[in-house]
Amino acid sequence: MVAGAYAYLRWMQSSWRTTCREEDAEEEQWDAPGVPLRALRRAETVLRRRCTRIVAVLERCSESRNHEAVLRTCECLGVQHVWIVEPSEKKKPNGRNPDSKQKEDKKCKREKLTGLAGIGVARQTYRWLTVKSFQTTSDCISALKDGGYDIWATDISSMAECLETAKLEPLPQRIAVVFGREATGVSPEFLKVADRRIYLQLHGFTDSLNLSVAAGMVLYALLCRFPEVRGDIDEDEKRRLRKIWFTKLGRNDAQRQEYAALADALPLQPFADVRPHAAHRGAWISPKIRRRLEEKEGPLTEGRTEPCAG
């Protein structure tokens with residue numbers, strides 16, 4: 001089976017180069033139902049846009065929803081590495097201890113009743129990210145220093161530079177952007193060793209943003225200002241991630257073995273866009289709840305069908 005996968009991949013690559021008409025090749029650049037190995041090609045598209053030059057550091061985040069939202073944002077933006085300094089105490093949205101069985105039971109019941117699984121979406125991002133955890137801030141700082149990272153701490157004090165207007169060029173080869181606890185921000189220990197303090201200019205009475213919102217805006221602003229960092233990933237790490245991702249995309253042992261073999265073969269042709277075709281996008285809502293809402297509200301999404309196998 002593995003040998004057959006290699007042969008098929010080589011044949012497919014050869015066909016793209018020699019026999020596809022020009023207009024067909026252009027159409028092939030976009031995700032569509034029936035495209036051979038579409039899940040792997042989409043993974044290859046994501047991989048080639050990954051950024052490892054910027055590392056997001058989440059220090060002592062105590063709200064689990066913010067924690068998961070930041071991870072989801074990093075994955076969406078292509079920031080591959082997330083380092084986490086674990087909080088001494090981690091609370092759920094209602095403030096109870098996370099080990100509370102009653103809270104967990106209520107959460108499961110709520111998600112079942114609403115049909116929403118957004119929290120599951122966030123947890124799925126762990127599959128595609130490289131996450132490191134540290135028990136103390138000093139351990140994280142030591143690892144960043146050893147790795148040659150410039151430390152940029154988010155801060156709203158008068159010592160911080162505005163991210164939109166400050167002279168940041170030339171961009172360091174490795175940057176760690178630190179986001180602190182919701183209530184108190186980045187710790188004095190991290191601020192003391194920071195090479196820069198940065199902030200986003202706000203224009204309202206409120207002088208701070210929600211942690212997950214701030215993380216998304218800061219990382220997006222950096223990626224827009226320095227577009228060259230997108231796709232800046234070491235070839236060895238790219239090969240390693242390709243093998244991990246392709247294997248995870250297999251639906252059974254045989255397919256996982258086949259996909260792992262393809263990861264070591266010729267590179268797949270990426271799509272022109274990471275967005276999946278509408279036929280492969282499914283709303284994170286149970287079919288039963290979806291039907292009930294559509295009876296009351298009409299179609300929930302535009303031009304989509306039920307998700308296809310890919």
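I started at R291, which sits in helix α12 (residues 287–297). Helices here are DSSP runs of H or I with at least four residues, strands are runs of E with at least two, and both are numbered from the N terminus. The model is predicted: local features need pLDDT of at least 70, side-chain atom pairs count only at pLDDT 80 or more, and totals for chains, interfaces and linings use all residues. Residues are numbered from 1 along each chain as its sequence is written, and side-chain values use heavy atoms, without hydrogens or water.

I looked up the accessibility of R291. R291 is exposed because its relative accessibility is 51% (exposed is over 50%, buried under 20%, partly exposed in between; 1.4 Å probe, protein chains only).

Next, charge. K288, R291, R292 and K296 form a positive patch on the surface. Patch members have over 30% relative accessible area and no salt bridge, with like charges joined within 9 Å and nonpolar side chains within 5 Å. A salt bridge puts a Lys or Arg side-chain nitrogen within 4 Å of an Asp or Glu carboxyl oxygen.

Then I turned to the backbone. Most residues other than glycine have a negative phi, and most peptide bonds are trans.

- L37 has a positive phi of about 55 degrees. L37 lies in the loop between α2 (22–28) and α3 (38–47). L37 is buried, at 15%.
- R60 also has a positive phi, near 55 degrees. I found R60 in the loop between β1 (51–59) and α4 (64–77). R60 counts as buried, at 19% relative accessibility.
- E169 and P170 are joined by a cis peptide bond, with omega about -5 degrees. P170 is in the loop between β5 (161–162) and β6 (175–179).

Technical notes: Accessible areas come from the Shrake-Rupley method with a 1.4 Å probe; for residues, only the protein chains shown count as cover. Lys and Arg count as positive and Asp and Glu as negative; His and the chain ends are not counted. The place of a charge is taken as NZ of Lys, CZ of Arg, CG of Asp or CD of Glu.
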